Amino acid sequence: MTELAQAEGALRGARVLLGVSGGIACYKAVEVARLLSRAGARVQVVMTEAATRFVGTVTFAALTHRPVYTGVFEAEDQVLHLRLAREADLVLLAPATANLVAKMAAGLADDLLSATLLTARCPVVAAPAMHTEMWEHPATRANVRLLRERGIVVVEPAEGELAGGDEGVGRLPEPRCIVTAAAEALARDHDLRGVPIVVTAGGTREPIDAIRFIGNRSSGKMGFAVAAEAARRGAQVTLVTGPTFLEPPPGVDVVRVETAEEMRREVLARFPRAEVVVKAAAVSDFRASAPVAGKIRKEDAPPGIALERTPDILAELGRTKSGQVLVGFSAETTEHVPRGRKKLAAKNLDLVVVNHVGAPDSGFDSDTNRAILITADGEEAELPLLTKSSLAREILDRVVRMVEGRRGRAARGGSGSAPPSGA
Ligand code: C5P
């Protein structure tokens, strides 16, 4: 079966709002509309004013059997952008111009398409197309990064012929690739519906005295990205986080902790009801064995600080799990795969995310991450440099398969790996 044929199941009956903005690639959006309709989607096209200079509204209307809208005031009896946004299961932008990408990043709403985008709460897939200079401009790079952080799927443009006889990166990918990305986004939407998930994030702080602590460089970005993606996919997410400056993702229950012991308490309390635990937190491995209640004055500085190990929360979860999917992280600078495998076995995990730390574009405090995913059932996937939201999506794609596998086995009466009670 082709990828497109596989995707058609997700598209059948889905309400897809196809947003077309003005670039030469508009002619390919016609084929996108045709493929979506053929796959059984109900396609509603919204065009920007500039897009209508490239392709007429009549072409899209004929293919989709619906009126095409371009202006906010085209249906006087209703608030058009509200209706269109609420009636969409997915928004697909093809082509998305540099201007549209920038407007989305800034939250502008000065025409029908951008106003609809600001209102829409369904998944959004954007397929940008523009000249290489525009695609590579730092402003566009920053805008694309921001959109990805917000969970928008941005399809990478292809390389090849561009407008004006130029060549380079920025070409709209082939329509079938765009339609497949749209179908995948629809299939992911709510694939974790109602699944109770605990995610941990950030670094812990272990007090030395009333003022000082042992901490680490973790920003919390990876765990927050996992929590946000899980919530977008319909999970009931509890995010147990160490101190961070990040905004909590919408729809997530946030529990703030400081120390490893507090994190342990909060995670263990929720473990029996959880179906999945993702431990992205960088838990301090050590704490002062005798923290001082007040401030240690300079003059009284002890010759050293005695340390002791903190509890290994993940190892404890691995020892006591009863069907939960357990995901751990392993920050490594060398021997990534053997160390990851060792951790997977030692902590009884279902998936370990081995992330490369030490490079500026990966690991602590970076917006991107380079990781190898190793599962207990034998998959080993080395992923390219990804934004933390894209990596979160990859992790959760595997978690979904594991949850479905367990539910399937439980339904068939299998034992040992049934989802926990109360799930
Ligand atoms: O053994 P190591 O610290 O490298 O393992 C990292 C993984 O274990 C992470 O998923 C982290 O959240 C978890 N961990 C933990 N408790 C600790 C140390 C690490 O849960 N005390």
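Biologist: How many residues surround the ligand, and which are the closest?

Modeller: A residue counts as near a molecule if one of its heavy atoms lies within 4 Å of it. Here 13 residues surround the ligand, and the closest are K279, A281, P311, F329 and K343. Please note that this is a predicted model: local features need pLDDT of at least 70, side-chain atom pairs count only at pLDDT 80 or more, and totals for chains, interfaces and linings use all residues. Residues are numbered from 1 along each chain as its sequence is written, and side-chain values use heavy atoms, with hydrogens and water left out.

Biologist: How does one read the packing of two helices?

Modeller: Two packed helices are described by the angle between their axes and the distance between the axes. The axes are lines fitted to C-alpha atoms over the stretch in contact, and angles run from 0 to 180 degrees between N-to-C directions. Helices are DSSP runs (H or I, at least four residues), as are strands (E, at least two), numbered from the N terminus. Helix 5 (residues 98-106) packs on helix 8 (residues 138-149) at about 55°, with the axes 9 Å apart. The two are therefore oblique to each other (angles under 35 degrees count as roughly parallel, over 145 as roughly antiparallel, 65 to 115 as roughly perpendicular and the rest as oblique).

Biologist: Which residues of helix 5 and helix 8 meet?

Modeller: Contact means heavy atoms within 4.5 Å. V101, A102, M104 and A105 of helix 5 meet N143, V144, L146 and L147 of helix 8.

Biologist: At what angle do the axes of helix 2 and helix 9 cross?

Modeller: The axes of helix 2 (residues 26-38) and helix 9 (residues 175-188) cross at roughly 50° and come within 9 Å. Helix 2 is therefore oblique to helix 9. K28, E31, V32, L35 and L36 in helix 2 meet P175, R176, I178 and V179 in helix 9.

Biologist: Is the peptide bond from A94 to P95 cis or trans?

Modeller: That bond is cis, with omega near -5°. P95 belongs to strand 3 (residues 90-96).
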